[in-house]
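Reader: I'd like a close look at one part of this model: the spaces left between its side chains, and the residues around them. Please take your time and connect things up for me.

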Amino acid sequence: MDVFSRTFLPAAAEAGVAIPTVSRHMPILRRCVESDDATILVSRCLRPEHAMSGDFLLLLTYRRLVVTQETWVLRRMRLHLNANLRHLSNVTWNIDLRRHTVDLAATAVDGVRERFRVRAAEPDHVWRVDSLLRHVFRERPAQPAVRPVATDAAVIAA
């Protein structure tokens, strides 16, 4: 079993995503994510500005953000967003403990601002989603310290 499969199923179970939903979305997700990429977050979500557009499944790995859509009427599956994390800009999220939601927004490489609302079953899961997003988007590996190079002016001044 590859890394993606080994990490995807536990993440989906933690989020409470039903197995039939996972099975319907899996063929599209498989095409978008490499087999050695570990899953960080799987969650059902919706688009606040397009409430009647269907159900969405959000997948976050260390390299990609993938969102698939299932239409309500015909239950058709389609890829909504497939973006490398390096190509996303202005990634923000807000938590609402009253509603048990996390609103995630990011600007894709084509300039379109994408917004998703992740609904959690309980407040602890809201904090878990917040920590996962912070881990991926805010905590970067420390850059090696750069020592200033002594210039002739610095040597003369000393």
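Author: Happy to. The secondary structure of the protein chain comprises four helices and seven strands, where helices are DSSP runs of H or I with at least four residues and strands are runs of E with at least two, numbered from the N terminus. Read from the N terminus, the order of elements is α-α-β-β-β-β-β-β-β-α-α. Please keep in mind that this is a predicted model, in which local features need pLDDT of at least 70 and side-chain atom pairs count only at pLDDT 80 or more, while totals for chains, interfaces and linings use all residues. Residues are numbered from 1 along each chain as its sequence is written, and side-chain values use heavy atoms, with hydrogens and water left out. Of the 158 residues in the protein chain, 41% are buried (buried is under 20% relative accessible area, exposed over 50%, partly exposed in between, with a 1.4 Å probe and protein chains only).

Now to the spaces themselves. Rolling a probe the size of a water molecule over the atoms shows where empty space is left. On a 1 Å grid over the protein atoms alone, a cavity is a set of points where a 1.4 Å probe fits but cannot get out; a pocket is an open set with protein on both sides within 12 Å along at least five of seven lines, and lining residues have an atom within 4 Å of a point. Volumes are the space filled by probe spheres set on the points.

Let's begin with the open space. The largest pocket holds about 310 Å³. It is lined by 17 residues, and those closest to its centre are Arg44, Cys45, Leu46, Arg117 and Arg119. Helix H1 (3–15), strand E1 (39–46) and strand E7 (113–119) are the elements that give two or more residues to this lining. The biggest contributor is E1, with four residues. Sorted by class, the pocket lining has eight nonpolar, four polar and five charged residues (Ala, Val, Leu, Ile, Met, Phe, Trp, Tyr, Cys and Pro count as nonpolar, Asp, Glu, Lys and Arg as charged, and the others, Gly among them, as polar).

What about enclosed space? Two cavities of 30 Å³ or more are found in the structure. The largest cavity has a volume of about 40 Å³. Its lining is made by Ala11, Glu14, Ala15, Ile40, Leu41, Val42, His125, Arg128 and Leu132, and the elements giving two or more of these residues are H1, E1 and H3. By class, that comes to six nonpolar, one polar and two charged residues. His135 counts as partly exposed because its relative accessible area is 33%.

The second largest cavity holds about 30 Å³. Thr21, His25, Arg44, Asp55, Phe56, Leu57 and Glu70 surround this space, with helix H2 (19–32) and strand E2 (55–61) each giving two or more residues. E2 has the largest share, three residues. Here the classes are two nonpolar, two polar and three charged residues.

Arg44 and Asp55 pair their side chains in a salt bridge of 3.2 Å, N to O (a salt bridge is a side-chain nitrogen of Lys or Arg within 4 Å of a carboxyl oxygen of Asp or Glu). Arg44 is in strand E1 and Asp55 in strand E2, so the pair ties together parts that are 11 residues apart in sequence. Arg44 is partly exposed at 37% relative accessibility, and Asp55 is partly exposed as well, at 22%.

Glu70 has a partner too: the closest N and O atoms of its salt bridge with Arg24 are 2.9 Å apart. This pair links distant parts of the chain, with Arg24 in helix H2 and Glu70 in strand E3, 46 residues apart. Glu70 counts as buried because its relative accessibility is 2%, whereas Arg24 is partly exposed at 30%.

In the whole structure, 11 salt bridges are found. Asp130 is buried at 9% relative accessibility, while Arg134 is partly exposed at 35%.
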